[in-house]
Amino acid sequence: MTTITGFKVEDLRFPTSLTGDGTDAMNQECDYSAAYVTLLTDGKDLGYGMTFTIGRGNDIVCGAVTKVAERLVGKKTADLFADMGAAWSYLLADPQLRWIGPEKGVIHIATAAVVNALWDMYARHERKPLWQLIYDFTPEEFVKATAFRYITDAITPAEALELLKSKQAGKAERLARVTKEGFPSYTTSVGWFGYSDEKVARLTREAIAGGFNHFKVKVGADVKDDARRLKLVRSIIDDPKECAARKTPAPETLVDKNAGPTGSVLMIDANQVWDVDQAVKYVAELAEFKPWFIEEPTAPDDILGHASIRKQLKPYGVGVATGEHAHNRMVFKQLLQANAIDVCQIDSCRLAGVNEILAVLLMAAKFGVPVCPHAGGVGLCEYVIHLSLIDYLCVSGSIDVNVLEYVDHLHENFEFPCSINSDGHYNVPTNPDEGYSIAIKESSKAEFVFPHGSYWSSPEAKKAHKLE
């Protein structure tokens, strides 16, 4: 039997701070980074996983990844694969490591890297992309793999089983549809905080040419600047001449999204900069630009604050989305129970990996809230297409309202990069060897491992990033 014999943890950082990619009102200097782990065995199986940070502190997360990964050394892969739910519980059960969470913060996102690496190994072992591995689960196997602790007041395993069984009918048809059409996405790449108006306009036109009809813009630092940028974007995406060559969006994909005359949808994202009353006042001043939702209007774990903002913004027709920094399934449980969100934004490695995400997908489906995952970071697009496919094919059956975030950064560093079709939709991953699609090229590791990679050790990088 194959045994996990060790692991390798790498601190990978990409210099996005030099171009303004990833910037927003809260995070104005970002070097997209990955605490990256490779699980090793005495056989052919390998597992790759990562969690996302934006630079400084990535080394701290790597230290935590090491502590979590140590728990898998000596374990038989067959035993782990036979009960991934039990494997997840085991990884979270060290009482001394749990104490520094519990189930939140550095230890939780470090656990995500290890859990995701184990799922990657399992999918590779079965020679299936991760989404297909779970698509092929029976409803009972799906429930067995899901993290239900602390959420049974929102959904029980029995309720989840019934929900999953109800979605068995039509699975093959849904798979055929998404394989043909791709999974709908939206772009954030047009509206990063650090971009000039000229760059925003150029990227917006490029996104339209790429088939996109959902666009997100960062806001929150200065309402006049934001109004100018939103007016600019609206002037382009609502212009029939600008959108003449793009396919006309289906009406059912635009319901309650404040779409403009060309079928273009605008979203705004504040990345947690406001207090509750500030959020309401600020968004009210931007309501004329008709955003579908405001994302992360306040602190990510302020459930009642989100509920209050949502209630007060209803007269303006603006919804509320959050979840990128919701640190565990319990936060999502409360957001849903409090009717605090219109859109549920899971993150592939803020939560502790696939098992916890399955729990949130089930809760969102029960509460009737669409899942539109966060993917603004290195590797996140590669991860989340699998999660959106699992949601659509197995859990919610919903694809018309749902859109998956896409950013056009750093995909060239991956062995199996995600891709977008001519309609601005994600293509379905199909390579039987890609697992969770997160294998990073050895050449990229050699260049961007911190601090000794060829990029970071160069005099130019040390000067540019003030490392000297």
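This is a predicted model: local features need pLDDT of at least 70, side-chain atom pairs count only at pLDDT 80 or more; totals for chains, interfaces and linings use all residues.
The largest nonpolar core has 150 residues, and Trp119 and Ile294 make the most contacts inside it. Helix H5, residues 105-126, is the top contributor to this core, with 13 residues. What does Trp119 touch, leaving aside residues up to four places away in sequence? Its partners are Met84, Leu130, Leu133, Ile134, Phe137, Ala145, Val354 and Asn355. Another core, of 10 residues, lies apart from the largest one, and Val265, Phe293, Cys372 and Val403 are among its members.

Now the pockets. The volume of the largest pocket is about 480 Å³. Its lining is made of 25 residues, and those nearest the centre are Lys247, Pro249, Ala250, Thr253 and His425. Sorted by class, that lining has nine charged, 10 polar and six nonpolar residues. Which elements each supply at least two residues of the lining? They are helix H9, 171-181, and strand S4, 183-191. H9 has the largest share, three residues.

The second largest pocket holds about 370 Å³ of space. Here 26 residues form the lining, with Phe52, Ile54, Glu324, His325 and Arg350 nearest the centre. The classes are eight nonpolar, nine polar and nine charged. Strand S3, 47-53, and strand S5, 214-218, each give at least two lining residues, and the largest share, three residues, is from S3.

Last, the aromatics. A pair of aromatic rings is described by the distance of the centres and the angle of the planes. There are 16 aromatic pairs in the structure. One of them, Phe183 with Tyr392, is edge-to-face, at 6.5 Å centre to centre and 70° between the planes.

Trp274 and Tyr282 make a tilted pair, because their ring centres are 4.5 Å apart and their planes stand at 35°. Both of these residues, Trp274 and Tyr282, are buried. Finally, one aromatic cluster is formed by Phe14, Phe448, Phe450, Tyr455 and Trp456.

Methods: Residues are numbered from 1 along each chain as its sequence is written. Side-chain values use heavy atoms; hydrogens and water are left out. A nonpolar core is a set of buried Ala, Val, Leu, Ile, Met, Phe, Trp, Tyr and Cys residues joined through side-chain atoms within 4.5 Å. Buried means under 20% relative accessible area, exposed over 50%, partly exposed in between (1.4 Å probe, protein chains only). Helices (H or I, at least four residues) and strands (E, at least two) are DSSP runs, numbered from the N terminus. Contact means heavy atoms within 4.5 Å. On a 1 Å grid over the protein atoms alone, a cavity is a set of points where a 1.4 Å probe fits but cannot get out, and a pocket is an open set with protein on both sides within 12 Å along at least five of seven lines; lining residues have an atom within 4 Å of a point. Grid points are joined across faces, edges and corners, and a volume is the space filled by probe spheres set on the points. Ala, Val, Leu, Ile, Met, Phe, Trp, Tyr, Cys and Pro count as nonpolar, Asp, Glu, Lys and Arg as charged, and the others, Gly among them, as polar. Rings of Phe, Tyr and Trp (its six-membered ring) pair if their centres lie within 6.5 Å; planes under 30 degrees apart count as stacked, over 60 as edge-to-face and the rest as tilted.
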